[in-house]
Amino acid sequence: MDPYLLGLRLTGRRVLVVGGGAVATRRVPSLLDAGADVAVVSPHVTTSLEGLAAAGRISWTARRYADGDCSGAWLVCACTSDPAANAAVAAAAERQQTWCVRADDAQASAAWTPASGAADDVRVGVLSGDPRHSAAIRDAIIAGLRSGQLSARHERGRRAGVAIIGGGPGDPGLITVRGRQLLAEADVVLTDRLAPRVLLDELRDDVEIIDVSKIPYGRAMAQEHINSTLISHARAGRFVARLKGGDPFVFGRGAEEVLACLRAGVPVTVVPGVTSAVAVPASAWVPVTHRGVAQDFHVVSVHVPPGDKRSTVNWELMGAGSGTLVLLMGVERIGAVADELLRHGRSADTPVSVIADGTLPTQRTIISTLEQVESVVVREGIRPPAIVVVGDVVSVAAEITELMRGVTAWRGG
């Protein structure tokens with residue numbers, strides 16, 4: 001007969017565990033997480049169980065099982081290495097009509113413990129008759145739930161408000177687990193041009209997707225309209241995901257959207273993302289810091305050029321220093337930036353790396369110097385989105401790349 005699956009609410013209820021070895025060590029933490037009052041009976045226990053007893057989280061009776069130990073227990077786990085002892089425990093539990101799990105003999109056990117796991121507010125248990133097969137299925141389900149690839153809409157206790165999600169530098173595999181989970185829960189998604197848009201194809205067919213991309217020097221939805229759209233959908237009872245590229249608080253205007261939602265009384269959460277300022281250089285083997293080379297780095301938005309009255313960047317400090325400069329939105333103004341850095345003290349032969357389409361299959365990287373970078377960018381036809389890295393760390397990337405070629409050749413041989 002097939003077993004009847006049931007979730008036990010054990011808070012405050014006595015659970016007896018007979019045995020103190022590896023099986024008990026695995027079972028007890030889950031019982032404690034369920035709120036059970038755990039009593040262990042065993043002459044000896046593992047170090048971790050002894051630690052739980054010393055901390056008062058479990059009670060430990062240091063002797064063999066004796067008649068009467070099952071009294072008052074709502075659940076019994078027979079986990080000794082002695083089949084006869086386990087049989088005696090199971091028989092005593094049966095006489096008082098208490099469910100007992102035998103770790104040594106599934107066929108003789110009144111109850112089975114499923115391969116279980118949790119993802120957010122979902123707990124999964126799998127029974128198949130083959131513990132390893134059950135565990136493999138459990139792992140696949142949990143991985144899908146945690147990544148957001150396996151999801152279903154909440155009908156009770158549905159999420160409300162807005163989630164501002166950092167989608168990472170471009171590669172969809174670099175969005176955080178939390179970001180992917182909340183994206184899968186959304187009723188409405190407002191997406192940016194640089195967000196990992198391939199993830200949108202995984203969403204349910206009834207999810208409304210609103211493109212709020214901003215094209216440099218082209219079409220763009222006003223930020224005020226984006227804010228009002230977030231608020232109106234949230235007030236209508238929909239869970240809204242705002243999917244951005246990179247990290248929402250690194251030149252992403254995420255704080256503006258948070259403030260707008262809160263001022264309108266809309267609950268909002270922020271999911272940090274992997275910022276392209278660090279991830280894109282790393283994808284091209286460029287460390288933004290390196291011992292003995294650079295102990296500081298500066299992330300600079302070049303949406304306006306040096307000398308523009310709207311610029312708040314201290315270019316004199318950037319030029320006089322020796323730290324790494326990571327320039328966002330700087331490709332089309334790279335000539336003006338290079339001139340400014342040279343004017344304030346950076347050497348003409350300072351290495352520069354320009355990485356376009358970072359972390360994506362179309363990624364391109366060029367290496368130049370501060371003096372020559374503008375002409376190289378024009379010649380190679382580099383277009384946004386691209387990250388510019390200025391500093392001696394670019395030379396470290398060149399060494400890594402050369403060594404990688406050697407490793408690849410050795411593997412191939």
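1. In this predicted model, Ser353 has Val389 of strand 17 as its bridge partner. The pairing to which strand 15 (residues 351-356) and strand 17 contribute comprises 5 bridges, and the two strands run antiparallel.

2. Strand 17 also pairs with strand 14 (residues 324-328), again in the antiparallel sense, over 4 bridges. Here Val388 of strand 17 is the bridge partner of Leu327.

3. Strand 17 (residues 386-390) is largely enclosed by the rest of the structure, because 5 of its 5 residues are buried. Ala386, Val388 and Val390 point one way from the strand, whereas Ile387 and Val389 point the other way.

4. A separate topic is the open sheet of 5 strands, which has the order 10-9-11-8-12 and parallel pairing. Its edge strands, strand 10 (208-211) and strand 12 (268-271), each pair on one side only. Neighbouring strands of this sheet are turned by 20° against each other on average, direction ignored.

5. Within this sheet, strand 8 (residues 162-166) and strand 11 (residues 240-244) are joined in the parallel sense over 5 bridges. Leu243 of strand 11 stands opposite Ile165. Helix 6 (residues 223-235) lies across strand 8, strand 9 (188-191), strand 10 and strand 11; relative to strand 11, helix 6 runs at about 150°.

6. Phe297 counts as partly exposed because its relative accessibility is 35%, a value between the 20% limit for buried and the 50% limit for exposed residues.

Note on methods:
Residues are numbered from 1 along each chain as its sequence is written. This is a predicted model: local features need pLDDT of at least 70, side-chain atom pairs count only at pLDDT 80 or more; totals for chains, interfaces and linings use all residues. Side-chain values use heavy atoms; hydrogens and water are left out. Buried means under 20% relative accessible area, exposed over 50%, partly exposed in between (1.4 Å probe, protein chains only). Two strands pair if DSSP finds at least two bridges between them. Axes are lines fitted to C-alpha atoms, for helices over the stretch in contact, and angles run from 0 to 180 degrees between N-to-C directions. Contact means heavy atoms within 4.5 Å.
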